[in-house]
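Subject: Structure handover

Hello,

Here is the structure for your files. My notes on it follow below.

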Amino acid sequence: MASNDTYRICPETGLKVFKTTENLIKINAVVAVVFLAIGGLFGLLVALTRWPALHILPPDLFYLALTAHGADVLVFWIIFFEIAILYFASSVLLQCRLAAPKFAWGAFLLMLVGALMANVAVLQGESSVMFTSYVPMKAAPHFYLGLILFAVGALIAVFCFFGTLVVAKQEKTYEGSVPLVTFGAVTAAIIAVYTIASGAVILVPTFLWSLDLIPEIDSVMYKVIWWGFGHSSQQINVSAHVAVWYTIAALTIGAKPLSEKVSRGAFLLYILFLQLASAHHLLVEPGISSEWKVFNTSYALYLAVLGSMIHGMSVPGAIEAAQRRRGFTQGVFGWLRKAPWGNPAFSGMALSVVMFGFIGGISGVVLGTEQINLIMHNTIYVPGHFHATVVTGTTLAFMAVSYLVVPLIFQKEIMFPKMAQWQPYLFGIGALGISFFMMGAGTLGVARRHWDMTFGDATLSFDYPPAAFLMMGLNGMSAVLASIGGIMFIVVIVGSVFFGKHRDEAACKANPVVYTGGGEAVANYGSEGTLKLPGTVALVAVFFLSFVLYYFVNWKYLAEVWPLS
Ligand code: HEM
Ligand SMILES: [Cu+2]
């Protein structure tokens, strides 16, 4: 089928950018950022309420804000952005027109209507069921309907992505194998199909139940299927942000994967094993056998974690190799010192790699281990862990790539470049703080999703160590810092998109954002093919040491809370 879609050639990467694709990337990215702004504001309100000295919201508004926060940031911000990434990884990288653009627009509209409907339901106050919406808590029917419409829209968008891959293959717009970033996006999309199917299997009956058409929903069944959706969706995020890491490394310094095959193998591990790892959410459910829990939280989990560890080594490795090729060969860490730390795309990506690995990864394995999980199951350690994965990991990576999307896709200059330079550091340190202090407070027993950690009106009170209150205060302060970083992001990105100077070809030549050869590196299959990486080896050694030490500390701690002698 011939296409009448027009395209331009990007002066910096040399890639064909089709008009329809460009528009769809723009609209999905803009709406994503709007939901980040709304959801982030609710996050700040939640954190300020959990700061014992401030405690600003009354209980009903606290649970309302918590529900809105989870849905707006974890679902709407991230998934709208991911759809933009899918269109980029297919149509832009393979230089092919987008399949079924009408469906892609329809998908966007469905997602938008669904997201707005769910938000309205939450703000009306009858749907404060929090992110997991566990039955028998019941939300208003339009809460579930909003999520279902959103999911159907997302599924259609995923099929437009697959369709585009088929078109690219048929029209031979690329040679050989697809580039790694596209492969990573395929991984994300495959997991998305499974995830959205699980979501539909559980949310459709729950919707009918909210309309009183079904008498009851079994709560253990709900949890098992819900986590097929809830956990797997996090693997979409991981696959997508790993693909974004490779994209940024390629575009900013021309890095190629160390080995395409090994990195692809790591993506495959995600598809094969991560769904099973969702067992870590069900560790205290009666009615699920111990054998099943043990198998899934040990063997299956380790194989999945292996995937992230391979990427965690191969992304810094690719950066080191590229830097050494560029001539930064001094000592073990000369390549790291000479990296473009003033470029927010690069610094955001680098911070995301380190914090996702050290904090998110290590705490994830601790939470995923059946025995030590029980020290912090359902404590605020859990949000501590996942803010390290979805905020310092995914969100920071998506923020970082926005500093490339604005000049390359929106063709606008970044406004307030100094503010942009600082933004990843402020947001990163703030987000690190909320992760870290919530983990600390959780280890001391502070519950998650709890309005009043002092249990003010309870007959039997609970004596927290004073450090627990300190941690929650520090968490509140970090939340303020992260919010300042978040507002800076919104100001820079929204400002540049709507009021930035148009970037014409001359501006691209004068002030390029892509490293020479970056377009080549991101859009082609190819490996760096070296393992002379003393710096990366040293960093990986530090990682394993921290890992072992922290793992050991938790077993020691378990031994203390449960003395056997
Ligand atoms: C300014 C940035 C942010 C701050 C200050 C913040 C703070 C918080 C706090 C304090 C909680 C509640 C803990 C509890 O009482 O259980 C929470 C929950 C949560 N946050 Fe954030 N957060 C931020 C950004 C994000 C982002 C970007 C995401 C996702 C990408 C996210 C996802 C979640 C989710 C899913 C929950 C759990 C909701 C629930 O338990 O139902 N947060 N956040
Ligand atoms: Cu999980």
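Predicted model: local features only at pLDDT ≥ 70, side-chain atom pairs only at ≥ 80, totals over all residues.

Helix H2 and helix H3 (residues 101–124) pack at about 170°, and their axes are 10 Å apart. H2 and H3 are therefore roughly antiparallel to each other. On the H2 side, the contact is made by Leu 64, Thr 67, Ala 68, Ala 71, Asp 72, Phe 76 and Phe 80. On the H3 side, their partners are Met 111, Ala 115, Ala 118, Asn 119, Val 122 and Leu 123. By class, the contact of H2 with H3 has 10 nonpolar, 2 polar and 1 charged residues.

Overall fold

The protein has 17 helices and 2 strands. Along the principal axes, its C-alpha atoms fill a box of roughly 70 × 60 × 45 Å. A compact globule of 565 residues would have a radius of gyration near 24 Å, and the 23 Å of the protein agrees with that.

Two other helix pairs

The axes of helix H5 (residues 180–210) and helix H6 (residues 219–253) come within 8 Å and cross at roughly 165°. H5 and H6 are therefore also roughly antiparallel to each other. H5 passes H6 in a left-handed crossing. The residues of this contact divide into 18 nonpolar, 11 polar and no charged.

Helix H12 (residues 381–408) and helix H14 (residues 466–499) have axes that come within 11 Å and cross at roughly 15°. That makes H12 roughly parallel to H14. The crossing of H12 and H14 is left-handed. Met 399, Ser 402 and Val 406 are the residues of H12 in this contact, and they meet Phe 489, Ile 493, Ser 496 and Val 497 of H14. By class, the contact of H12 with H14 has 5 nonpolar residues, 2 polar and no charged.

The ligand

Which residues come nearest to ligand 1? Of the 27 residues around ligand 1, they are Gly 43, Gly 70, Met 130, Phe 131 and Ala 479. The elements that give two or more residues to this shell are helix H1 (19–50), helix H2 (59–92), H12 and H14. The shell around ligand 1 divides into 16 nonpolar, 8 polar and 3 charged residues.

Backbone points to check by eye

Most residues other than glycine have a negative phi, and most peptide bonds are trans.

- Pro 136 lies in the loop between H3 and helix H4 (141–170).
- Gln 411 is placed in the loop between H12 and helix H13 (417–443).

Regards

Note on methods. Residues numbered from 1 in each chain as written. Chains lettered and ligands numbered in written order. Axes fitted to C-alpha atoms, helices over the stretch in contact; angles between N-to-C directions. Helix = DSSP H or I, 4+ residues; strand = E, 2+ residues; numbered from the N terminus. Parallel < 35°, antiparallel > 145°, perpendicular 65-115°, else oblique. Left-handed = near helix turned anticlockwise from the far one by under 90°. Contact = placed C-beta atoms within 7 Å. Nonpolar A, V, L, I, M, F, W, Y, C, P; charged D, E, K, R; others polar. Near = placed C-beta within 6 Å. Rg over C-alpha atoms; globule rule 2.2 N^0.38 Å.
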